[in-house]
Amino acid sequence: PVLVVDFGAQYSQLIARRVREAKVYSEVVPHSMPVEQMLAKDPAAIILSGGPASVYADGAPGIDASLFEAGVPIMGICYGFQVMAQALGGEVARTGLSEFGGTPVEVCSAGVLLAGTPEKQDAWMSHGDSVHRAPEGFEVLATTAGAPVAAFEDRERRLFGVQWHPEVKHSAHGQAVLERFLYDGAGLAPDWTPGNVIAEQVAAIRAQVGDARVICALSGGVDSAVAAALVQKAVGDQLTCVHVDHGLMREGEVEQIERDFVAATGVNLVVRDEKKRFLDALAGVSDPETKRKIIGREFIRVFEDAQRDIIAEAGEHGEEVRFLVQGTLYPDVVESGGGEGAANIKSHHNVGGLPEDLKFELVEPLRTLFKDEVRAVGRELGVPEEIVSRQPFPGPGLGIRIIGEVTAERLDILRKADAIAREELTKAGLDGEIWQCPVVLLADVRSVGVQGDGRTYGHPVVLRPVSSEDAMTADWTRLPYEVLATISTRITNEVREINRVVLDVTSKPPATIEWE
Ligand code: XMP
């Protein structure tokens, strides 16, 4: 892999993604990892990321200089560029001159790194210190007003660096610079493709699972579907998928799993119809956290029942059920290294959450992938587009989009309104622009309306379109008025109980994306 050494910037995952966009596999490692351990991963190249520190700060993270002697091609970015300059005997100065944001860069010699990019280019900067003298053996490639050495390279030792952030889209030729490093500087080939990912994962799953049986909870979301499809491709009938139909799904979703997904992938699927059980458990409950806990608890109970049935049946044939598939993604893997002390805003319930008393080994074929890569793999595997391109949908489903008690009737109302909103957003070509658009039923609120000749006293629904990178923060999406008008007209015409459609224009923070 290409290792991205994380110096604590929010940019290291982004760098890894950009490298992968160049079709080269990359992984993020912490800067605290000993150099021998990094080298033990047999890196094809290494990128030192930016970081919030000054190389002069007390306890500033550094890197053992032996890394630069290992013969591995290395590129330093921003803080990583300064760390590299300092470690190799260059000079980093605290000028007090900071550069933030779009900054004009003057290329004095394109070298390998800047070959094919213009002599004057705009690049995204964020630095206080700057490199004043390049280490011996390095050629200076570019300068800016605040950074006399803004890029350098030592072609012989295959060491490269830029002061700016090539990974952010505001750097006009950023991706080109990364590609020059990967392809020309490090001599790597762009061969990391969905097809190769599948081949690799299939081999890994077969090696892990042998001829044991595997089970998987299929929620209907992208991750569990693609994970299941991969495991199915690897071990076929050894896999049994369980879908818990809790009655809180959106219109058409259960059918998409039961019919389309099974047809496309050939997985063994067991559907447990537990609608009544969930409705009974939720009767009379309006408090959001209580709802979430009930849904999570019931889900685990049902899934455990299903597991027991599968284990019992396999046992009759002398087979062992030892593995559980989880759709864990790469950002979860990276983040579980840190993230301590984060406040518990909502108790997220992840479908497939591991029951504590059942000891399974996990199969996590998506552990190395970002969401968009999971989608690409899913498409390559033939998973239906409706599932592959599905927006994030919370585990507790529509149960937390009905403000008030959850009843069968209210679920039907919300399902209809939600289906209309989704259909119109898709029709208007807006799916790519929004992260998701929850539709929320204010079931305990009524307002007066007039329809036909009569007075109505119906419920409002809220449209909550948001744009986001990762759901940690979000802004409300400025949807075109015509689209909003169409959605509003259709919902109030077609869903009798709803006489008002309102728009949520709050960002996150202060609001969350979901209403509960
Ligand atoms: P909030 O409402 O916290 O949502 O801003 C952030 C993202 O997480 C989704 N979400 C969930 N996903 N289980 C999930 O798998 C949950 O319990 C859950 N609650 C919220 C939400 O849809 C948004 O994408």
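**Strand pairing and backbone angles in a predicted model**

Tutor: In this predicted model, strand E10 (residues 151-154) and E9 are paired in the antiparallel sense through three bridges.

Student: Why are E9 and E10 called paired?

Tutor: Pairing requires at least two bridges between the strands. E9 and E10 have three bridges, so they count as paired. Within this pair, Ala-142 has Ala-151 in E10 as its bridge partner.

Student: What makes E6 and E9 a pair?

Tutor: Strand E6 (residues 99-107) and strand E9 (residues 139-143) run antiparallel and are joined by two bridges. The cut-off is at least two bridges, so E6 and E9 pair. Val-107 has Ala-142 in E9 as its bridge partner.

Student: Why is Lys-23 called partly exposed?

Tutor: Lys-23 has 16 other C-beta atoms within 10 Å. A buried residue has 20 or more and an exposed one 12 or fewer; the value for Lys-23 lies in between, so Lys-23 is partly exposed. Lys-23 is in the loop between helix H1 (12-21) and strand E2 (26-30), and its phi is positive, near 65 degrees.

Student: How do you know that Arg-158 is partly exposed?

Tutor: Arg-158 has 18 other C-beta atoms within 10 Å. That value also falls between 12 and 20, so Arg-158 is partly exposed. Arg-158 lies in the loop between E10 and strand E11 (159-162), with a positive phi of about 55 degrees although it is not a glycine.

Definitions and conventions:
Residues are numbered from 1 along each chain as its sequence is written. This is a predicted model: local features need pLDDT of at least 70, side-chain atom pairs count only at pLDDT 80 or more; totals for chains, interfaces and linings use all residues. Helices (H or I, at least four residues) and strands (E, at least two) are DSSP runs, numbered from the N terminus.
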